[in-house]
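This report goes through one structure by topic. The sequence and the model come first, and the description follows.

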Amino acid sequence: MRRDALYARLTTLLARLLLPVAALRHRRRGRHVAAQWALGLRFPHEDLRGLAPGAHAAFTAARTEALWRDRQLIGLTSGHRDSAVQWRMFLTEIARTGSEAVARQRVLPPAESAHVVGIAMDVRPVEGARWLEAHGWRFGLYRRYDNEWWHFEYWPGEPPQRLPHAGVSRPNRAPGRRPAA
Ligand SMILES: [Zn+2]
């Protein structure tokens, strides 16, 4: 989309303009900080609060590299959600689809949602998501579902299994309890 390409150019330019101040205040973290400032201006409604520390660090590091190296923007549409919000989304999806099984393909109940744990990130735009799908593994970030191009999760150890959708039962994360492959 042309509008996204324009935003990418402007945001990269902005990061470059902010770099001297960021470098002055944050020294070697200057490029990281300038990228976050510029992205914060491009995506003013995003909210990174509540992400698990590892997920937060991985996400900001990945989008710093995406911006400086490849001029790709990655914004956060939805990160951490509290249980009440997740319940509401789940119930709304059940009402919309008329089926709990179908609803689970898009929204999980709080006890199973990676958003509630703070390790899931819904990103935008599509180009940024594509970048993250190609390069995110170096930061422990993986796309999880075939039906959600925007949903990524932080898995610092072994990569997770890619699933058709969230309704498919997940392999147990606890070490040693993984089914023998
Ligand atoms: Zn998600």
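## Salt bridges

A salt bridge is counted when a side-chain nitrogen of Lys or Arg lies within 4 Å of a carboxyl oxygen of Asp or Glu. By that rule the structure holds 12 salt bridges. This is a predicted model, where local features need pLDDT of at least 70 and side-chain atom pairs count only at pLDDT 80 or more, while totals for chains, interfaces and linings use all residues. Residues are numbered from 1 along each chain as its sequence is written, and side-chain values use heavy atoms, with hydrogens and water left out.

One of the salt bridges joins E65 and R138, with 2.5 Å between the closest N and O atoms. E65 belongs to helix α3 (residues 53–70) and R138 to the loop between α7 (126–135) and β3 (141–143), so the pair ties together parts that are 73 residues apart in sequence. Helices (H or I, at least four residues) and strands (E, at least two) are DSSP runs, numbered from the N terminus.

## Two further pairs and a network

R143 and E133 also form a salt bridge, their closest N and O atoms being 3.1 Å apart. This pair links distant parts of the chain, with R143 in strand β3 and E133 in helix α7, 10 residues apart. Buried means under 20% relative accessible area, exposed means over 50%, and partly exposed is in between (1.4 Å probe, protein chains only). R143 counts as buried because its relative accessibility is 15%, whereas E133, at 36%, counts as partly exposed.

Another salt bridge is made by the side chains of R162 and D146, at 2.7 Å from N to O. R162 is in the segment after β4 and D146 in the loop between β3 and β4, so the pair links distant parts of the chain, 16 residues apart. R162 is partly exposed, with a relative accessible area of 39%, and D146 is partly exposed as well, at 42%. Salt bridges with shared partners join E65, R69, D70 and R138 into one network.

D122 lies in strand β2 (residues 120–124) and H151 in strand β4 (residues 151–154), so the two tie together parts that are 29 residues apart in sequence. Both D122 and H151 are buried.

## Helix α4

Helix α4 (residues 83–97) has 15 residues and reaches 21 Å from its first C-alpha to its last, close to the 21 Å expected at 1.5 Å a residue. The expected span is 1.5 Å times one less than the number of residues.

The buried residues of α4 are Q86, F90 and E93. They cover an arc of only 65° around the axis, which puts them on the same side of α4. That arc is taken from the directions from the helix axis to the C-beta atoms. On the face turned away from the buried side, α4 carries the exposed residues R88, A95 and R96.
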